[in-house]
Amino acid sequence: MTHAKHPGEPLQTAHDSLDPADWQALRTQAHAMLDDILDYQQRIRVRPVWQTIPDELRLAYRQPLSTEATPLDELHRQFMHDILPYAVGNAHPGFMGWVHGGGTPVGMLAEMLSAGLNANLGGRDHMPVELERQMVRWVRDLFDFPAEASGLFVSGTSMANLLGLLVARQSVLPAVRTQGIEHARLVAYTSSCAHVSLKQAMEIAGLGNDNLRQIPIDADFRMDVTALRNAIAADRAAGLTPFFIAGTAGTVNTGAIDDLNALADLAADEKLWLHVDGAFGALAKLSPELAPLLSGIERADSLAFDFHKWGQVPYDAGFILVRDGRLHLDTFAAPAAYLQREARGMAANSPWPCDYGPELSRSFRALKTWFTLRSYGAGKIGASVAHTCEVARHLRDRIAAEPTLELMAPVALNIVCFRYRADDALNQRILVAVQESGIAAPSSTHLNGRFAIRAAIVNHRTTASDVDAMLEAVLRYGNEFTGVT
Ligand SMILES: *Cc1c(COP(=O)(O)O)cnc(C)c1O
């Protein structure tokens, strides 16, 4: 360690530190990297959405780890050449596959600041934790949850669904943390269109996915509440213990929103926990015109959703909101000598975020979310949510006007499922051709046993002309493959 000789003279970098010897050179390099990634975002429209990774490139990334240093400008060059062009393309307006957010330049810059600060959001008394608490209060207010409600940033809705299920399990098995689930025969309910992460949550919680009932859906792809009531009665009659209903606000297949008020009524009658998976759909709350569709969401016991989908925050930023904050704490808080809390000093201001989930070290997800909501304004994020639904309706109307195309499900929000009037195999071929063309990237699903091309409009950059280009590509390949000219 070398020390400055005079006050004001900078400390020299210790030879084993990872800081640069030449900060000025690093700054120049850093600005070049920033410019390149801003160029990527600014000019993304002129790129293909996605392209196949060349075989040589894949192979080049199977080398053993070297002990030698590589200059930063060389790594930057490799990133630009090898990695950036072969990303999945969800920042691109032509990306309509699965349910991916587009991200924003502001979110990216916030992520940079957060990486530089390198804050650990597990706990302790510092402003980053206060910022996360501010976000928790905003989320609580947005969804009209009570003051005792608690919340936590997590990686995504898969994790948030698991946490919601674990808090619900705690509510029926208060001794579960010491005694395990013993012989509890707990049964959970969701719709046949629910996300697979709920099934995985049952597995991880030790409850078994056989005990997740997948309730049939109605013509609008919403959970059939009568069938749900009957399933609960049948399970009770068989000596099992129903405990958990997971409704969905925006299913991944079609964007359908379960009747949340009917589910809340039934959950109240039956004294069951109501969880809502609102992965992307919950943020429709930010749009005054769409918010009424979510009526009943404020009655949930727990709500899982993502800021990285419709909220456009860069990956990852999921969230779990729990009505009963005390129960949430009881589910996870774990005393340990090295995590001792104090009234003053750095170990003050308990409970900490780590008391609300299984993770101790946690990243500063709240910062990019706060920057996004503050910089654009919550109203503008809501308007972009509403805009994606408008684009989806435009696509729906265009499909309805094309005799060779068939709409496969009602368009509740931003997801449009359709197919070329031909068999499954041909539609599969069309989908791959469109993806490989680089023009657009829809994905697929099966609805009532039939293959569907699925366009989920989530990216704030996607416009009517982008879905037009996708549709024209589908028609062109469909006509070509069926020999229509
Ligand atoms: C995306 C999605 C999930 C999973 O969320 P992740 O953030 O990918 O973990 C769960 N449910 C629904 C309805 C989704 O759309």
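Predicted model: local features only at pLDDT ≥ 70, side-chain atom pairs only at ≥ 80, totals over all residues.
Residues are numbered from 1 along each chain as its sequence is written. Local features need pLDDT of at least 70, side-chain atom pairs count only at pLDDT 80 or more, totals for chains, interfaces and linings use all residues, and side-chain values use heavy atoms, with hydrogens and water left out.

**Exercise 1.** Work out at what angle H13 and H15 pack, and which residues meet.

*Solution.* 
- Start with the geometry: H13 (residues 378-400) and H15 (residues 464-482) pack at about 35°, axes 9 Å apart. Axes are lines fitted to C-alpha atoms over the stretch in contact, with angles from 0 to 180 degrees between N-to-C directions. Helices are DSSP runs (H or I, at least four residues), numbered from the N terminus.
- Then list the contacts (heavy atoms within 4.5 Å): from H13, Val391, His394, Leu395, Arg398 and Ile399 take part, and the H15 side includes Val467, Asp468 and Leu471.

**Exercise 2.** Find which residues surround the ligand, and which polar side-chain atoms lie by its oxygen atoms.

*Solution.* 
- First, collect the shell (a heavy atom within 4 Å): among its members are Gly156, Thr157, His195, Asp277, Phe280 and His308.
- Next, look for polar contacts, pairs of N or O atoms within 3.5 Å. Ser158 has a polar side-chain atom 2.7 Å from a ligand oxygen, Asp306 has one at 2.7 Å from a ligand oxygen, and for Lys309 the distance is 3.0 Å.
- Finally, check the cover: of the 380 Å² of accessible area the ligand has on its own, the protein covers 85% (Shrake-Rupley method, 1.4 Å probe).

Conventions:
Helix = DSSP H or I, 4+ residues; strand = E, 2+ residues; numbered from the N terminus. Polar contact = N/O pair within 3.5 Å; in protein donor to acceptor, adjacent residues only side chain to side chain.
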